[in-house]
Amino acid sequence: MASIDLLGIPHDDNSSYMKGAAEAPPLIRRELRSDVYTSWSETGVDFDVAGRFIDHGDIEFTAGSDPWDLIEQHVGRVMTSGNPLICLGGDHAITHPIMRAVRRRQPKLTIVHIDAHPDIYHAYQGNPRSHTSPFARIMEERLVERLIQVGLRTVNDHHRDQFKRFGVEIIEAGRCGGKIRLDLTTPVYISMDIDALDPAFAPGVSHREPGGLSTRQVIDLIHSIDQPIVAADIVEYNPRCDISNMTATVAAKLLKEIGGMMMNLRRP
């Protein structure tokens, strides 16, 4: 039976404003497995089937070890199964070491990055590993052919310079009024920052930015992807800022919808 690997990466040392995202993985899993909600994706995949998700637990970060090395090693080891992988963060900084491992298995790759923020600063507050900088590192290392960023609404001049430098394709939130259609020609990695959604839908984030996407818009975008989704991350959920587990529920819903599309688009 086809399966999807699940890996928790509870790391938020590079968050610039508020910690808490490291506490997210078990809370997303709790909502995913709750009897309150359906186990089915909207695309017809039942995640209550035994073995559908293979959960590898959370990475344990030990003092004296480089967390980037640990993330890259764990992701690489999990991906030897050949299954699609969904990683639960954690802050957005973790996407960089994840991508190092994913790229070794994918000769061509497009990132669909859904976020309020471009996260492409060269460095922030002197930290090149900041959660505001992972896509600068990814593009510097040429880990993908294309980077498409959707939902942005915090763009400044430095970001625009970085877009030009790396050839980033952007769809700002103000242009997301109708159906979002992407012209994709390679396998896809989805990087889902929960703060892409308007705070009305997902208040449990450290950096709330009004004017964002609805849950429906994000789900429809995920459903529109027509190339294999080989891996994904869901990041920046901060339980310390949540209200009645609203954001954990949204994260679990997006996890099912990403997973459903991974199954539906899987190559034989």
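Author: Helices here are DSSP runs of H or I with at least four residues, strands are runs of E with at least two, and both are numbered from the N terminus. The model is a predicted one, in which local features require pLDDT of at least 70 and side-chain atom pairs count only at pLDDT 80 or more, while totals for chains, interfaces and linings use all residues. Residues are numbered from 1 along each chain as its sequence is written, and side-chain values rest on heavy atoms, with hydrogens and water left out.

Ser244 is not a glycine, yet its phi is positive, at about 55 degrees. In general, most residues other than glycine have a negative phi, and most peptide bonds are trans. Ser244 counts as exposed because its relative accessibility is 70%; the classes are buried under 20% relative accessible area, exposed over 50% and partly exposed in between, with a 1.4 Å probe and protein chains only.

Helix α7 (residues 246-264) packs against helix α6 (residues 215-224) with the axes 9 Å apart and at an angle of about 15 degrees. At that angle, α6 is roughly parallel to α7. Axes are lines fitted to C-alpha atoms, for helices over the stretch in contact, and the angles run from 0 to 180 degrees between N-to-C directions. Angles under 35 degrees count as roughly parallel, over 145 as roughly antiparallel, 65 to 115 as roughly perpendicular and the rest as oblique.

On the α6 side the contact involves Thr215, Val218, Ile219, Ile222 and His223, and on the α7 side Val250, Lys253, Leu254, Glu257, Ile258 and Met261; contact means heavy atoms within 4.5 Å. By class, these residues of α6 and α7 comprise 7 nonpolar, 2 polar and 2 charged. Ala, Val, Leu, Ile, Met, Phe, Trp, Tyr, Cys and Pro count as nonpolar, Asp, Glu, Lys and Arg as charged, and the others, Gly among them, as polar.

Helix α7 also packs with helix α1 (residues 24-32), at an angle of about 70 degrees and with axes 8 Å apart. These two helices are therefore roughly perpendicular to each other. From α1, Leu27, Ile28, Glu31 and Leu32 meet Ala248, Thr249, Ala251, Ala252, Leu255 and Lys256 of α7. The contact of α1 with α7 holds 7 nonpolar, 1 polar and 2 charged residues.

Trp68, Ile71, Glu72, Val75 and Gly76 represent α2 in the contact, and His96, Pro97, Ile98, Arg100, Ala101 and Val102 represent α3. Helix α3 is mostly covered, with 8 of its 9 residues buried; among them are Met99 and Arg103. In the loop between β3 (85-89) and α3 lies Gly90, and the peptide bond that leads from Gly89 to Gly90 is cis, with omega near 15 degrees.

A further loop runs between β4 (110-114) and α4 (134-140), and Pro118 lies in it. Pro118 counts as buried, since its relative accessibility is 1%. Leaving aside residues up to four places away in sequence, Pro118 touches His113, Phe135, Gln149, Leu152, Thr154, Val155, His159 and Phe163. Phe163 is 45 residues from Pro118 along the chain, and their C-alpha atoms are separated by 9.1 Å. Gln125 belongs to the loop between β4 and α4 and, although not glycine, has a positive phi near 50 degrees. Gln125 is exposed, with 64% relative accessible area.
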